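Take a look at the sequence and the model below. The report after them goes through the structure part by part.

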Amino acid sequence: MATLRDVAAHAGVSVSVASRVLNDDPGVRIRPETRQRVLEAARLLSYAPNSAGRSLRKARSSVLALVVPDVTNATFTDLTRGVEDEALRRGYAVLLGSSERMQPGTPGFSRLLSERRVDGVLLQKGDDTRSELVTSALTDTRHIVLVNSGPVDDLSTVALDDHTGAALATRHLLELGHRRIGLVNGLPSADTGRRRAAGFTAALAEAGLVAEDRHVTELGYTLPAGRNAARLILSRPGPPTALVVANVNAAFGVLLEAREMGVDVPGALSVVAVHDVWEADIPVPALTTVRMPMVELGATAVGELLARISGGPARHLVVDDPAPVVVRRGSTAPPPPT
């Protein structure tokens with residue numbers, strides 16, 4: 001394997017000059033032809049810089065961590081793609097972590113930054129993780145950005161327009177003629193759940209409606225939570241003719257439970273979910289969703305994290321471009337005749 005010394009010898013320059021050229025040092029003063037000679041020598045010799053040594057010199061690892069509650073969650077696929085694409089474009093690798101062992105307050109999370117294993121962390125905190133636990137786990141708030149979590153004081157956050165997403169889902173059902181509409185929401189502690197509930201409530205209010213308490217649950221975003229929520233709502237007297245489900249994973253559970261209970265979708269019950277994933281085409285009927293800008297969320301989060309590492313101020317950003325849009329499939333239809 002070629003070394004920096006080999007490149008310098010081949011180009012006829014000092015090791016110092018070769019190093020400064022290959023590291024894009026703007027202060028190096030050499031002729032353009034000399035710079036080109038160094039670059040050509042590195043190419044011919046297939047020179048690869050010693051990233052470990054460079055990291056030690058710069059006190060940087062050139063690695064970012066993306067920590068999510070569960071990497072198997074369908075909604076994180078596009079988020080991860082957005083993070084990876086933007087990080088690679090900026091010269092960073094991405095470490096993906098999940099599970100309770102990597103959430104704030106755990107030894108695994110603390111070691112990520114304290115041992116300089118990564119330069120910064122993009123964190124989607126668990127719905128039951130308290131905001132104060134995040135801040136207490138940090139010694140330097142510049143090296144973490146919360147993704148669709150918060151806002152939290154002194155931390156940059158990058159979030160989706162959850163209010164608009166849930167409002168769009170609700171308006172879609174209203175336009176189909178539904179008037180008894182329920183909400184299957186996240187846990188009461190979920191920041192996203194509060195924003196989506198507000199969007200749902202606002203859209204109903206525009207139509208002069210209010211959701212009945214018996215048509216609303218706050219059990220979480222998982223498939224089992226969706227099943228439990230559907231059974232609770234649909235087994236009560238006077239069930240709704242439509243449900244807004246605040247997360248697509250829970251919506252899959254709603255569809256499963258409705259089928260188990262013999263409730264026809266969409267004949268007797270329409271279902272629309274926040275978040276669009278490719279798996280939404282699999283159920284019968286396929287699931288109507290609201291597509292959110294998840295790729296753009298990931299890319300924006302990377303940019304904000306690198307800005308914070310460079311000393312920028314903490315900001316609370318909302319990603320709304322492209323705007324959320326309803327993707328209509330087979331799970332929504334006009335309400336049954338009364």
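## The cores

Which residues of the largest nonpolar core touch the most other members? This is a predicted model, and in it they are L64, L79, L122, I181, V244, L297 and V302. The core holds 34 residues. Helix 12, residues 294-309, gives the most to this core: 7 residues.

What does L122 touch, leaving out residues up to four places away in sequence? The list is A65, L66, V67, V83, V145, V147, A301, V302 and L305.

V94 lies in strand 2, which covers residues 93-97. Is V94 buried or partly exposed? Its relative accessible area is 26%, so V94 is partly exposed. Buried would require a value under 20%. Beyond its neighbours up to four places away in sequence, V94 touches L64, L66, V83, E84 and A87. V94 and T80 are 14 residues apart in sequence. In space, their C-alpha atoms are 9.2 Å apart.

R90 sits in the loop between helix 5 (76-89) and strand 2. R90 also counts as partly exposed, because its relative accessibility is 39%. Which residues does R90 touch, not counting those up to four places away in sequence? They are V302, G303 and L306. R90 and V302 are 212 residues apart in sequence, yet their C-alpha atoms are 9.2 Å apart in space. V302 is also one of the core residues that touch the most other members. The side chain of R90 makes a polar contact with the side chain of E86, at 2.7 Å.

## Helix 11

Helix 11 runs over residues 248-261. How far apart are its end C-alpha atoms? They are 20 Å apart. At 1.5 Å a residue, its 14 residues should span 20 Å, so the two values agree.

Why is helix 11 described as largely enclosed by the rest of the structure? The reason is that 10 of its 14 residues are buried. These are V248, N249, A250, A251, F252, G253, V254, L255, E257 and A258. The buried residues of helix 11 pack against two kinds of element. The strands are strand 6 (181-185), strand 8 (242-245), strand 9 and strand 10. The helix is helix 10 (223-234).

Now look at the ends. At the start of helix 11, a side-chain oxygen of N247 reaches to within 2.8 Å of the backbone nitrogen of N249. After helix 11 comes G262, whose phi is positive, near 80°.

S149 is in the loop between strand 4 and strand 5. Is S149 buried or exposed? With a relative accessible area of 3%, S149 is buried.

Most residues other than glycine have a negative phi, and most peptide bonds are trans. That makes some places worth a look.

N148 is not a glycine, but has a positive phi of about 50°. N148 is in the loop between strand 4 (144-147) and strand 5 (156-160). N148 counts as buried, because its relative accessibility is 6%. S46 also has a positive phi, near 55°, and is not a glycine. S46 is found in the loop between helix 3 (32-44) and helix 4 (51-58). Its relative accessibility is 59%, so S46 counts as exposed.

Which residues does a cis peptide bond with omega of about 0° join? They are V284 and P285. P285 is in the loop between strand 9 (270-274) and strand 10 (288-291). The peptide bond from D321 to P322 is also cis, with omega near 5°. P322 is in the loop between strand 11 (316-319) and strand 12 (325-327).

How values were computed. Residues numbered from 1 in each chain as written. Predicted model: local features only at pLDDT ≥ 70, side-chain atom pairs only at ≥ 80, totals over all residues. Heavy atoms only, no water. Core = buried A, V, L, I, M, F, W, Y, C linked by side-chain atoms within 4.5 Å. Buried < 20%, exposed > 50% of the residue type's maximum accessible area, 1.4 Å probe, protein only. Helix = DSSP H or I, 4+ residues; strand = E, 2+ residues; numbered from the N terminus. Contact = heavy atoms within 4.5 Å. Polar contact = N/O pair within 3.5 Å; in protein donor to acceptor, adjacent residues only side chain to side chain. Expected span 1.5 Å × (residues − 1).
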